[in-house]
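User: Please go through the model shown below with me, in questions and answers.

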Amino acid sequence: MALAILDHPGFGEAVVFACNAEIARKQPGGQVLTGDYWKEAAGKAFFRRYESKGEFESNPTSPKSKADYSSDDDEEAGYGKDKKSKGGGYLKISNLLKDVKLYPLLGISEGASQDEIKKAYRALALKAHPDKLAALDEKEAKDIQENFVKIQEAYELLSDPEKRKLYDSSLDFDDRLPKYKPDNGQDFYEVFGECFLRNARWSVRRPVPSIGGPETPMNEVTKFYDFWFGFQTWRDPVAMAQAAGEELDDLDQAECREEKRWMMRENQRIAKKYAKAEKERITSLAAMAEKFDPRILAEKEQKKAAFAAEKARKEEERTAVMRAKQEEERKRKEEEEAKAAAEAEQRKQEKALKEAAKAELKKRRQRVRALHPLVKDFVVLDQLNEVCLQCDVDTLEKLADSMEAALKKKNAEGAAKLVHQAIESLGLKPLTPSPEDEEASTEEGSPEDEVEETPEARAQRLKEEQEQAKKTELRRKEAEKRKAEAEAKKKEEAERQAAEAAEKRKIREEQKKKEEAAAEAKRKQAEKKEREKAKKDEEKKKKQEEQEALKREQQREEAKKKAIEQAEKDRLAALAQEEQNATERVQKMFSDDRLERLDIIDKTAPAALVAELEAKLEEDASLRGSLGLLKQASLSEEQLHDCLMTLVSSVSPVWHLGLEPPKDIKPLESSLRNRAKKARQQLRTLVLKFFNDLPGGYGSDDTKAVTDYQKGMVEGLYEWRVWTVEERTAELEARKGGQPQAAAEEQPAAEAAPT
């Protein structure tokens, strides 16, 4: 929907109001977009451009119009208001306050409280209010009016805590990190303490812990670094970006909410970068301080030494336990090896005994069997073998001895009887290979075959029995051979196992020696490291002591230097104070002089002043002659005024007011200065009129009475007379001594130096 105001002289410039329309300049063509139309969005921008501007112009002195409306024209005129846009943190400062330091303007420090700001503003408002400076000229009044407006706007900004934070955040600040090198003899606490103190002003949390000193407990040091690593700052990043020259969007220029939100996001995006940089700067400062903090380093060294000692103790305990285990294992192995060796030796001895017993038993058996052919007619060979197998060595030895003894006596039957007794001792029934038994057996087997054994058959039978005995003996020998081979193999296996055990024992001993050598080498290495560490610690301690001694010497030198500098500063301060006191004394003397003379002139009528001047001319020929010379001189109007006032200044104390004030004295307070200026103008006007009314050739007869000083003044050889401390002092002393005042005034004037 749009409303068009037609072009008409009564309306002035035609305007088209359209919802969400962009600002468009005049464009030709069409019935609406013609060169006679102006199109602009209706809303806040229109209100500022027209309605608020009209209200401000209708009432330019209204404080509300200046404070509440801030158009482009207002800001160009210097009446913009400081404003922090919601959510944007954007600080606007009027043109009047641009490049103006607000704290020096109010005469306060940056850390001043709200009460101090209020007191300073009230004092300046009472002193610089335009209503109290009515006697000033137009230019001075305009300057003071502008200064008063600056003071008002500065107070409005600094009295608002949020605006003050924005302003403080935009001020120049030393963001540099300290350049610290421990080897250069710098004082850590002095270098970093100043930097932390400088940055503490931005802290949200209060109180801010100090960096402390060498004697500060470690828990306080830990709290200090925890505070700075978690530092919370109130420094506004948008104000920092604005101070850095970033292009920020003014939210008040937004035409709609969407544009305003977009502007807020853009401002926050830029501010986020500065907030991150600020956080990284504070973190880097804390990390750098923690890196070089001698207390942290000493604590780390102490913990490192304690850890090394604990590690060495544990290593020693582990080594002791390992050595104990190794010793226990060695003893156990030695006991096992000794036991195994003893058992092997015992087995060897037992085996040797068994072998010897077997050999003896074998010999006894062979001895008994060797006697069988002699008793074969009475003893069966199998039963004899059974006796040999079951009887022990002693029994067989006795049996063989008894049989041999019987056989030596040719008693084969007696020997056979001994064998039968041995067979019976085994629980067997002796058998006798008699012919009756053979016949009985033949009868039992086959009656038809019973025949009488022939010698050939007997011989054959005996032969078979011998062969059978040989086979039995052969089987026995083979069994004994196999047994011997098994025993030999067993012995060889035992020897092999013993050799392997010995080899393993040797390997274990070598391994043990290697481990012991390694442990010894490790122990020596640890001892060497400990010695080297102790040596390094000693050297480090010595170096630290030397550095501390050097540092103390440097500190003494610095303290001495600082003492000298402080003494010089105190001397200069004392001199400055003396100068200030002298200046204040001269200033007070000048003010008292002006007040005294002004009181006199206020009580004296102009006619009385003229009469006083005429009386002085009547009695002073040199003054008449000097005025005559001045009549003849060609001087400018200003030179004429100054020279004329210098010549007549000795008439009376009042005429001193006609002289120019000295340049080396501060101006008087405004009311007194205005009175003195008014009196000076009155005297100059009066004496100039009197001088112009003098007849031509006046004082020509008195030129010879003119002094060199008066003549030099007329000729421009001397500077114009001004008020001096010496004249005032001489005047006061003359009053005390009763000397005439005119003589006291002329004496210093005669001593004036030429130009």
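User: How do the residues of the lining of the largest pocket divide into nonpolar, polar and charged?

Analyst: This is a predicted model, in which local features need pLDDT of at least 70 and side-chain atom pairs count only at pLDDT 80 or more, while totals for chains, interfaces and linings use all residues. Residues are numbered from 1 along each chain as its sequence is written, and side-chain values use heavy atoms, with hydrogens and water left out. Ala, Val, Leu, Ile, Met, Phe, Trp, Tyr, Cys and Pro count as nonpolar, Asp, Glu, Lys and Arg as charged, and the others, Gly among them, as polar. The lining of the largest pocket divides into 11 nonpolar, seven polar and 15 charged residues.

User: Which helix gives the largest share of the lining of the largest pocket?

Analyst: The largest pocket has a volume of about 1,300 Å³, a volume being the space filled by probe spheres set on grid points joined across faces, edges and corners. On a 1 Å grid over the protein atoms alone, a pocket is an open set of points where a 1.4 Å probe fits, with protein on both sides within 12 Å along at least five of seven lines, and lining residues have an atom within 4 Å of a point. Helices are DSSP runs (H or I, at least four residues) numbered from the N terminus, and α8 (188–199), α11 (257–292), α12 (294–370) and α17 (455–603) each supply at least two lining residues. The largest share, 13 residues, comes from α17.

User: Which residues lie closest to the centre of the second largest pocket?

Analyst: The second largest pocket has a volume of about 870 Å³. Its lining has eight nonpolar, one polar and 16 charged residues, and the largest share, 13 residues, comes from α12. Of the 25 lining residues, the closest to the centre are Ala344, Arg347, Lys348, Ala494 and Glu495.

User: Are α8 and α11 roughly parallel or roughly antiparallel to each other?

Analyst: Axes are lines fitted to C-alpha atoms, for helices over the stretch in contact, and angles run from 0 to 180 degrees between N-to-C directions. The axes of α8 and α11 are 11 Å apart, at an angle of about 160 degrees. Angles under 35 degrees count as roughly parallel, and those over 145 as roughly antiparallel. The helices α8 and α11 are therefore roughly antiparallel.

User: Which residues of α8 make the contact with α11?

Analyst: Contact means heavy atoms within 4.5 Å. On the α11 side, the residues are Arg281, Ile282, Leu285, Ala286, Met288, Ala289 and Phe292. From α8 come Phe188, Phe192, Cys195, Phe196 and Asn199.

User: Is the crossing of α19 and α22 left-handed or right-handed?

Analyst: The axes of α19 (residues 621–632) and α22 (residues 708–715) come within 10 Å and cross at roughly 20 degrees. That makes α19 roughly parallel to α22. A crossing is left-handed if the near helix is turned anticlockwise from the far one by less than a right angle, and right-handed if clockwise. The crossing of α19 and α22 is right-handed.

User: What is the omega of the peptide bond from arginine 206 to proline 207?

Analyst: Proline 207 lies in the loop between α8 and α9 (218–229). Most peptide bonds are trans. The bond from arginine 206 to proline 207 is cis, with omega near -5 degrees.

User: What is the phi of lysine 410?

Analyst: Lysine 410 is placed in the loop between α14 (393–408) and α15 (412–425). Its phi is positive in a residue other than glycine, with a value near 65 degrees.

Terms used:
Angles under 35 degrees count as roughly parallel, over 145 as roughly antiparallel, 65 to 115 as roughly perpendicular and the rest as oblique.
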